[in-house]
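The following questions and answers are meant for someone opening this structure for the first time. Please look through the sequence and the fold before reading on.

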Amino acid sequence: MILSGSSVRSIKSGDIALPPDEVFTYPEKILQFGTGVLLRGLPDYFVDKANRAGKFKGRIVIVKSTSGGDADAFKKQDGLYTICVRGVDEGKKAEENIISSAVSRVLSAKTEWKEILACASNPALRIVISNTTEVGLVLKKESVKLEPPESFPAKLLAFLLERYRVFGDRDDSGLVIIPTELIVDNGSKLRGILNDLAIFNSLDEAFIEWMNTANTFCSSLVDRIVPGKPSPAVADLIHEQFGYEDDLMLMAEVYRLWAIQGDEKVKEILSFAAIDKGVIIEPDIDIYRELKLRMLNGTHTLSCGLAAIAGFETVKDAMNDADMADFIASLMLDEIIAGIPYRVQPGVATTFGKKVLDRFRNPFIEHKWVSITMQYTSKMKMRNIPVLLKYYQDNPGVPCSIAFGFAAYIRFMESAKKADGKYYTEINGKNILVQDDQAAYISGLWQRNGATGIVNAVLRDVDLWGSDLTALHGFEAAVAQYLKAIIENGGRKTLAAFQQDKQLA
């Protein structure tokens, strides 16, 4: 049978969270732009969880802007879909199956624009969420009278204009608007675009005043791995165990974070936040962005070259090896934490780091190290150089793990141009594509300086890093020592020796 509102009651099992009957009577309180798995696996997950606890008592109407896709599946399944949570929580494997009932319906912007605008007259609707990718938060000068406008900001502006037409300038008619696109200060960015569009459309000044004062634009940060459809093995197991088919089923890791910049008024409206500590509403969310950038992304960047050289294909493979897992943990918890260029309360970074390590161990997520090496140089500069400089500012001695990771980066970037015009590095007898804008430049540095001079040539390049890294006491010598060991002994042996003696003496 197909999962739907009528069939869900025939599912008899204690191993899956079924929606309570009263959920289907709740009003629509959220307008959501986007049907993607991240929204359904993170914000919508929180709403569903709160509804089950009787805390939020509201559902989501989704605006689908693209043609085709899963709109028909939502209609066929009455908005229901399965979330398969799989991962590691506090060092132990965790597993949960949930039939989410957060979504009431999905409306197509292309064919149901009038129905979408009609939602503006719903007084219960107080929240707008979006994830239209970074490309969606752009200014496209177009009329808001189109049916529908093409860009997401223009659609939202048209919706706000209809809201204003229905309710006037009442303060309580305003909405809490939360973009989740991966752009810094995405709330401020969206508000700026809407103001530019309002001016372009010669909209009334009273409306523009209401838009900026009655509505609250919240910047936010989302962090959860939601790969999409589960593996065929997991999907088949769900079908066999519970007896239904679900074209909208998705998998999500255990870890979840939605950091929202807001005040007490925002907390009151987003009452679903109180049900899960993964939703954080604070006036300043920069700390969460900084922790993710440095500890999760930065650890990935300083580990990916070494992992590839040592022969590990995926992050979970590396975490199953004692030497590589110890390196990653030491790098993150001992050195990156000590160099985060942001004031962090004691224990906060360590707690975050331990959760990241659990995520790295997730046996259900296939995250390839080679894919993490994409734009290796720019990632190293943005994520890790500020940490390195801050470490030297606040700590004595050389950060050995960072130096080792940097040596592996230099070895990985030793590449040659092939017949297809692309650059490849030879690792363990295999040619691996170097997808880095600096591949040709660093290949030239290798050719001109050789193994004995490459470390100095790379580290002193201010254009690459913004600083002369040879000025950091002992760093050049440590990187050169580790690179020599990698070249002579290979990644795996050098890694084992490093774990025994950080100085490779």
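Q: How many of the ten residues of helix H2 (residues 43-52) are buried?
A: In this predicted model, local features need pLDDT of at least 70 and side-chain atom pairs count only at pLDDT 80 or more, while totals for chains, interfaces and linings use all residues. Residues are numbered from 1 along each chain as its sequence is written, and side-chain values use heavy atoms, with hydrogens and water left out. Helices (H or I, at least four residues) and strands (E, at least two) are DSSP runs numbered from the N terminus, and buried means under 20% relative accessible area, exposed over 50% and partly exposed in between, with a 1.4 Å probe and protein chains only. H2 is largely enclosed by the rest of the structure, because the number of its ten residues that are buried is eight.

Q: Which residues of H2 are buried?
A: H2 is followed by Gly 54, which has a positive phi near 70°. Within the helix itself, the buried residues are Pro 43, Asp 44, Tyr 45, Phe 46, Val 47, Asp 48, Ala 50 and Asn 51.

Q: Which residues of strand S6 (residues 127-130) point the other way from Ile 127 and Ile 129?
A: In a regular strand the side chains alternate between the two faces of the sheet. In S6, Ile 127 and Ile 129 point one way and all four residues are buried, while the residues that point the other way are Val 128 and Ser 130.

Q: Which residue of S7 stands opposite Ser 130?
A: Two strands pair if DSSP finds at least two bridges between them. Strand S1 (residues 28-33) runs parallel to S6 and is joined to it by four bridges, with Leu 31 opposite Val 128. S6 is also joined by four bridges to strand S7 (residues 176-179), again in parallel, and there the residue opposite Ser 130 is Pro 179.

Q: What is the relative accessible area of Ser 130?
A: Contact means heavy atoms within 4.5 Å, and, leaving aside neighbours within four places in sequence, Ser 130 is in contact with residues including Phe 33, Leu 39, Phe 152 and Glu 181. Ser 130 counts as buried because its relative accessible area is 1%.

Q: Which residue of S12 is the bridge partner of Ile 260?
A: Three strands form an open sheet with mixed pairing, in the order S9-S11-S12. Strand S9 (220-223) and strand S12 (279-282) stand at the edges with a single partner strand each, so one side of each is left without a neighbour in the sheet. Strand S11 (residues 257-261) pairs with S12 in the parallel sense over four bridges, and in S12 the bridge partner of Ile 260 is Ile 281.
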